[in-house]
Amino acid sequence: MRQPLRDQAIGFMMRGPLKPPSDRIMSPILPVFSPFPIAFVRGEGVYLYDAAGKRYLDFGSGVAVSSLGHSHPAVVRAITEQAQRPLHVSNWYQIPEQYEAGEALIAHTFADYVFFANSGTETIDGAIKLIRQYQIYHKHPERYRIITIKGAFHGRTFAAMSACGKNTFPPDLPGFDAISFGDWDALESAITRHTAGILIEPILGEGGVQPVPLNQLRRLRELCTQHDLVLCFDEIQTGVGRTGHLYAYEATGITPDVLTTAKGLGAGFPVGAILANAKVGGCMQSGMHGSTFGGNPLACKVVSAVLAEITHTPFLDHVRTMGQWLWDQLTALTKTYPHIFSQVRGAGLMQGLVCGASLDNRSVALSLMEKGLLVIPAGQNTIRLIPPLIVTKDQIDEAIAILGDFCEDSSFSFRQHHP
Ligand code: PLP
């Protein structure tokens with residue numbers, strides 16, 4: 001009873017001039033995705049190309065993954081060189097490539113320890129272990145609950161789903177207290193004698209590019225220190241240069257105890273990492289966590305190559321300059337077309353446009369795709385602009401021209417319906 005790809009995709013899409021690659025493709029994939037009717041055959045820098053040779057400006061980066069764009073020479077070199085050596089050996093052995101990548105993360109962050117995983121959600125599960133183990137180690141096993149934010153996204157393992165109250169397969173795993181975004185007083189009163197830590201995205205990504213106010217992040221740090229709780233930042237989306245800093249916490253003036261990172265860390269190669277300070281990381285012992293694939297030589301060579309590029313001095317300056325330029329252009333757009341895009345939110349090259357009430361973000365993304373611009377829908381009827389960090393001013397201008405064109409078309413039909 002396989003479903004044709006087209007039927008899977010059509011669920012949320014308005015029929016438009018774009019046709020699926022083939023009406024007759026029977027997807028062998030579990031029907032959990034609703035892909036846009038397009039496939040890419042080539043990528044170069046900030047551009048992707050379909051089989052017909054049409055060029056798309058990739059302002060989605062595969063959901064903040066392709067941090068260095070497509071086919072970046074440093075990434076290609078790392079993969080091809082390591083492919084001549086052991087791709088995998090197991091954590092039963094010492095892995096020099098893993099130590100090298102770990103040392104690079106430690107050198108550029110607060111971390112004293114690193115653990116490599118294969119995806120974002122795995123780092124969240126690992127981080128939950130670290131948070132609980134900190135309390136167990138200090139003879140407080142009754143402190144096991146973690147405060148989280150409703151509407152955040154931490155991944156799809158049962159723990160990650162339960163953490164953000166998004167478990168569609170009840171019952172939830174126990175141990176999480178989710179408070180509403182913005183209800184910061186509730187966060188303080190949610191702390192009980194059972195609380196072990198706080199898990200938060202500094203900017204909610206899937207939740208609609210919603211930055212947590214700086215003063216609240218600082219307050220969280222104070223509360224964690226005061227109550228001896230572990231503060232964990234989920235920087236799976238905000239990390240690896242996305243906000244103009246290697247990690248977003250750097251701009252806040254506070255430091256978490258634990259941080260999870262993935263997505264852009266491998267620039268397309270699947271890898272994640274948990275960073276921990278000595279206070280929390282030092283509570284873990286042999287056998288408490290592990291992974292078959294996590295930290296294999298291939299993944300770690302890519303991580304080292306990506307970090308070498310991103311931590312190279314002018315790189316993050318470039319991200320900040322481009323982020324400001326994108327922000328200014330998007331703000332101008334919201335002023336000219338407030339009924340189409342009502343607000344810009346975000347930081348650096350992680351920005352969200354809130355779509356007007358008469359628009360549906362998925363349809364907006366589809367229309368922009370037809371015009372050659374790829375963006376990613378997010379919560380709160382938002383579209384995300386998260387281009388590769390190597391994006392240039394000209395490419396931002398190209399994206400803004402497409403957005404302007406879309407706004408003009410939509411304004412025309414808006415005026416027809418609202419004379
Ligand atoms: N945390 C955040 C903030 C994310 O944005 C995501 C993915 O979108 C995850 C966790 C889960 O990561 P993954 O899909 O690699 O498991």
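**Entry 1: who surrounds the ligand.** I listed the residues around the ligand and found Ser119, Gly120, Thr121, Phe153, His154, Gly155, Glu201, Glu206, Asp234, Ile236, Gln237 and Lys263. I kept in mind that this is a predicted model. Sorted by class, this shell has 2 nonpolar, 6 polar and 4 charged residues.

Entry 2: For Asp234, I noted a polar side-chain atom 2.7 Å from a nitrogen atom of the ligand. Gln237 also uses a polar side-chain atom, which lies 2.7 Å from an oxygen atom of the ligand.

**Entry 3: how covered the ligand is.** On its own, the ligand would expose 390 Å², and the protein buries 86% of that. I also checked where the ligand sits: the space it takes is the largest pocket.

**Entry 4: cavities.** How many cavities of 30 Å³ or more are there? I counted 1 cavity. For the largest cavity I wrote down a volume of about 40 Å³. Its lining is made up of Ala64, Ser67, Ile236, Gln237, Gly239, Val240, Arg242, Lys263, Gly264 and Leu389. By class, I get 4 nonpolar, 4 polar and 2 charged residues in that lining.

**Entry 5: a cross-check.** I put my two lists side by side. Ile236, Gln237 and Lys263 are among the residues around the ligand, and they are also among those lining the largest cavity.

How values were computed:
Residues numbered from 1 in each chain as written. Predicted model: local features only at pLDDT ≥ 70, side-chain atom pairs only at ≥ 80, totals over all residues. Heavy atoms only, no water. Near = heavy atom within 4 Å. Polar contact = N/O pair within 3.5 Å; in protein donor to acceptor, adjacent residues only side chain to side chain. Areas by Shrake-Rupley, 256 points an atom, 1.4 Å probe, with all protein chains shown as cover. 1 Å grid on protein atoms, 1.4 Å probe; cavity = no way out; pocket = protein on both sides within 12 Å on 5 of 7 lines; lining within 4 Å. Sits in = over half its atoms within 2 Å of the grid points. Nonpolar A, V, L, I, M, F, W, Y, C, P; charged D, E, K, R; others polar. Points joined across faces, edges and corners; volume = space filled by probe spheres on them.
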